[in-house]
Amino acid sequence: MASSLTDMYGSLHSNIREILEASQKSNNKVPLAVPPFNYDDYIAAIDTLLSGSLSMGEKVKSFESAFADYLGCKNPGVMVNSGSSANLLSLSILTNASLKERLKPGDEIITPAVTWATTVFPISMVSAKPVLVDIDKDSYNIDVNQIKKAITKKTKAIMPVHLLGNPCKIDEIKEIADANDLFLIEDCCEAHGAELNGKKVGTFGDLATFSFFISHHISTIEGGMILSNNDKYHELGKALRAFGWVRELRDKEKLAKKHSSIDPRFLFITAGFNVRPTEMQGALGTTQLPKLENIIKTRRDNASYWNERLSKHERFISLPIENPGARHVYFCYPISLKPRAPFKQRELVSFLEQKGIETRPVMTGNIARQPALTQMRYRRIGKLPNADYVTKNSFLIGNHTGITKKVREYVADTFEEFFSRYN
Ligand SMILES: Cc1ncc(COP(=O)(O)O)c(C=O)c1O
């Protein structure tokens, strides 16, 4: 029986290899994202599915430890079902009633006006107030001077974002947070492996969050993780992601003794969520992580190539920048029109789309302009002119492992074809 099962798995795996080879499509599209999966990822996912161990277990644990080691974080990560859940969980840790120093309703949290929606929404969901500050137009990241202007007695945290894989000035932001006794939560959802002065983003703040959605550097289809060097936050994270029960806690035996009249398997210590990942996601994370450095290299090579080819056209467009000491990991490739460009963003974008090159806005654009914001109390610092500028004049194209040398040449040629109309 054992050997015939082995044989059956053997033929399943070789069938999968054949299916993957046969289904490799070649079309003319240059998509914003492609699933970053190879044969070994599919095998890991399918074998896990067939193993019968489906809910969160050893494979998730192993990915949590490996990702923390990769970043240089003392505690293993706490994997969840999305980056959005990671942001919600981080803020829920910091509002938890068991903490003496914690966020309270109405406390202000400073965050950039250009980011993904679920950086900002969870702030409101934990009854804190988002304070939106402008970005720097060249790096697309939060403007440190605007952070300084935004601080009041009510400010209790800063939630910067390493937008588009470009490390923000997290060292300066940490100094501001320390000097003002503020919590620091790094949203690293778009920045796997990004570094500032040799230190990985996600290791500067009190808590860090990552997303493993399909378009991100490494993916578990949907998925996310929080990381913290603070033991208390780490333990609270494990309780809050799974109903608030004690099963995964370091002190679970002590707690079971203290509450001996309750079945320890169903002992709830705090009011939690269920944002657990599946074992299949843990398996995917484990096969994906060893590929991350190569994925980053491909994205950086593509960006260097486009920077060089398109630099001739800098009277029309601005190209992404990498600050000194930073390792940019390029989540997509951003392009901004110069104020005096003789064409509109929509003209360039529709030309690219006609040529099969997908585009998208820079995340939500200026989030203060989104109707969802009318449902929450928030504050904005100034008129957010750069956030508006980026909304009107900037866009993203795909930069991922599906962008081969031939594809990136085609992309550069297509831009040049458009610009040649104005030479
Ligand atoms: C900056 C940022 N924060 C949070 C998220 C949310 O992650 P998810 O899509 O996994 O929920 C994203 C998603 O792309 C993001 O870009």
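Analyst: Start with polar atom pairs at the ligand. An oxygen atom of the ligand sits 2.8 Å from a polar backbone atom of Gly 83. Keep in mind that this is a predicted model.

User: Which ligand atom lies 2.8 Å from a polar side-chain atom of Asp 187?

Analyst: A nitrogen atom of the ligand. Ser 211 also takes part: an N or O atom of its side chain is 2.7 Å from a ligand oxygen atom. The protein buries 92% of the 390 Å² that the ligand exposes when taken alone.

User: Which residues come nearest to the ligand?

Analyst: Gly 83, Ser 84, Asp 187, Glu 190 and Ser 211, out of 17 residues around the ligand.

User: Next, Asn 87. Is Asn 87 buried or exposed?

Analyst: Buried, with a relative accessible area of 2%; the cut-off for buried is under 20%. Asn 87 belongs to helix 4, residues 83-94. Its side chain makes a polar contact of 2.7 Å with the side chain of Thr 209. Beyond four places in sequence, Asn 87 touches Thr 118, Thr 119, Pro 122, Met 159, Asp 187 and Thr 209. Asp 187 is also one of the residues nearest the ligand.

User: Now the strands. How do I read a sheet?

Analyst: Strands of a sheet pair through backbone hydrogen bonds, in a parallel or antiparallel sense. Here, an open sheet of three strands runs in the order 7-6-11, with antiparallel pairing.

User: Why is one side of strand 7 and of strand 11 left without a neighbour in the sheet?

Analyst: Strand 7 (199-200) and strand 11 (326-327) are at the edges, so each has a single partner strand. Strand 6, residues 195-196, pairs with strand 7 over two bridges. Within that pair, Glu 195 is opposite Lys 200.

User: Which strands pair with strand 15?

Analyst: Strand 12 pairs with strand 15 in the antiparallel sense, over four bridges. Ser 336 has Ser 394 of strand 15 as its bridge partner. Strand 13, residues 359-360, is also antiparallel to strand 15, over two bridges.

User: Where do the side chains of strand 15 point?

Analyst: In a regular strand, side chains alternate between the two faces of the sheet. In strand 15, Ser 394 and Leu 396 point one way, and Phe 395 and Ile 397 the other. All four are buried.

User: Last, the packing. Which residues touch the most other members of the largest nonpolar core?

Analyst: Trp 306, Tyr 333, Phe 395 and Phe 415, in a core of 27 residues. At least two residues each come from helix 11 (292-310), strand 12 (333-337), helix 12 (345-354), strand 15 (394-397) and helix 14 (405-419). Helix 14 gives the most, with five. Another core lies apart, with 24 residues, including Leu 89, Ile 109, Leu 207 and Val 275.

User: What does Tyr 333 contact?

Analyst: Outside four places in sequence, its contacts include Ala 303, Trp 306, Leu 310, Phe 395 and Ile 397.

User: And a loop residue such as Ile 357: buried or exposed?

Analyst: Ile 357 is in the loop between helix 12 and strand 13. At 0% relative accessibility, Ile 357 counts as buried. Setting aside residues up to four places away, Ile 357 touches Val 30, Leu 352, Ile 397, Tyr 410, Val 411 and Thr 414.

Key:
Residues numbered from 1 in each chain as written. Predicted model: local features only at pLDDT ≥ 70, side-chain atom pairs only at ≥ 80, totals over all residues. Heavy atoms only, no water. Core = buried A, V, L, I, M, F, W, Y, C linked by side-chain atoms within 4.5 Å. Buried < 20%, exposed > 50% of the residue type's maximum accessible area, 1.4 Å probe, protein only. Contact = heavy atoms within 4.5 Å. Near = heavy atom within 4 Å. Polar contact = N/O pair within 3.5 Å; in protein donor to acceptor, adjacent residues only side chain to side chain. Areas by Shrake-Rupley, 256 points an atom, 1.4 Å probe, with all protein chains shown as cover. Pairing = 2+ DSSP bridges.
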